[in-house]
Amino acid sequence: MILVGCCGWAAARARYVERFGLVEIQQTFYKPPQAATAQRWREEVPSDFRFTIKAWQLITHDPSSPTYRKAGVQVPVDQASRYGFFRPTPEVDAAWEHTLEIARALRADVVLFQCPARFTPTDEHVADLRAFFRRIDRAGFALAWEPRGDWSDEIVRALCQELDLLHATDPFVRPCLHGRPAYFRLHGRAGYRYRYTDDDLAQLAQWSRAAGDAYVLFNNVSMWEDAGRFQALLGDG
């Protein structure tokens, strides 16, 4: 099973679902919709259409992140230390509960936790990461973790094994270290404006087939075209 899609609706929803059977919802990271909105999305797509979602940034990113400003989320200065980085606080736990509500409404396959490079492998960060994934209600959802920055393969693999997490990765940057299905996020080999070549997509097909099961999600400026080309390549194979 290799599922192909985009990080976000790369076209009008009706057009998108005619072409792809998978989408990773981005809005849940910035400012999650109401559950009723997510339920409407679920009802507007085919029954076999697959959703994955990004967990709310209040869980993974601290308020100094520019993504808070982009989303119009304001946190009082004296409360900033209560948000992000998987901190053991009521605010982080409440953000997870809302993320979980949306995942249930969409009947999502996977919830992705994308971390900023500033979330480094310090003792405090590792301890908070462990505590978060041990205490939350997963409600049967698969959880994927995309670390960035200076995390060694050994630490990532060990934590994913210990906490039952899929390792989300751009395979052109780093191999998938744990979990099935593989969770590939294609950010562009030279940045967001990169367009994948035919050779790139052939290599990606090899990695995806070797994984056996894979979610392959494009997150570059030409995601609509590149994901379509990749899906066609898989079909030809």
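Is Arg104 buried, partly exposed or exposed? Arg104 counts as partly exposed because its relative accessibility is 45%. Here, buried means under 20% relative accessible area, exposed means over 50%, and partly exposed lies in between (1.4 Å probe, protein chains only).

## About the model

This is a predicted model, where local features need pLDDT of at least 70, side-chain atom pairs count only at pLDDT 80 or more, and totals for chains, interfaces and linings use all residues. Residues are numbered from 1 along each chain as its sequence is written, and side-chain values use heavy atoms, leaving out hydrogens and water.

Helices (H or I, at least four residues) and strands (E, at least two) are DSSP runs, numbered from the N terminus.

## Salt bridges

Side chains of opposite charge can pair when their charged atoms come close. A salt bridge is a side-chain nitrogen of Lys or Arg within 4 Å of a carboxyl oxygen of Asp or Glu. The whole structure holds 17 salt bridges. One of them joins Asp62 and Arg118, at 2.8 Å from N to O. Asp62 lies in the loop between helix 4 (57-60) and helix 5 (66-71), and Arg118 in the loop between strand 4 and helix 7, so the pair ties together parts that are 56 residues apart in sequence. Asp62 counts as buried because its relative accessibility is 10%. Arg118, at 49%, counts as partly exposed.

Arg104 has a salt bridge too, with Asp137 (3.6 Å, N to O). This pair links distant parts of the chain: Arg104 is in helix 6 and Asp137 is in the loop between helix 7 and strand 5, 33 residues apart. Asp137 is partly exposed, at 42% relative accessibility. Elsewhere, salt bridges that share partners join Glu24, Glu146, Arg148 and Arg185 into one network.

## A buried lysine

Lys54 is found in strand 3 (residues 50-54). Lys54 is buried, yet has no salt bridge. Its nearest side chain of opposite charge is Glu24, 5.4 Å away. For charge, Lys and Arg count as positive and Asp and Glu as negative; His and the chain ends are not counted.

The side chain of Lys54 does make a polar contact with the side chain of Gln114, at 2.9 Å. A polar contact is a pair of N or O atoms within 3.5 Å; within protein, one must be able to donate a hydrogen and the other to accept it, and residues adjacent in sequence count only if both atoms are side-chain atoms. Leaving aside residues up to four places away in sequence, Lys54 touches several others, including Phe29, Leu112 and Arg185. Contact means heavy atoms within 4.5 Å.

Strand 8 (residues 214-218) has five of its five residues buried. Ala214, Val216 and Phe218 are on one side, with Tyr215 and Leu217 on the other.

Two strands pair if DSSP finds at least two bridges between them. Strand 1 (residues 2-7) runs parallel to strand 8, joined by five bridges. Val4 stands opposite Val216. Strand 7 (residues 182-186) also runs parallel to strand 8, with five bridges. Here Leu186 stands opposite Phe218.

Most residues other than glycine have a negative phi, and most peptide bonds are trans. Arg107 has a positive phi, near 55 degrees. Ala139 also has a positive phi, near 55 degrees. A cis peptide bond joins Arg180 and Pro181, with omega about 5 degrees. Pro181 is in the loop between strand 6 (166-169) and strand 7.
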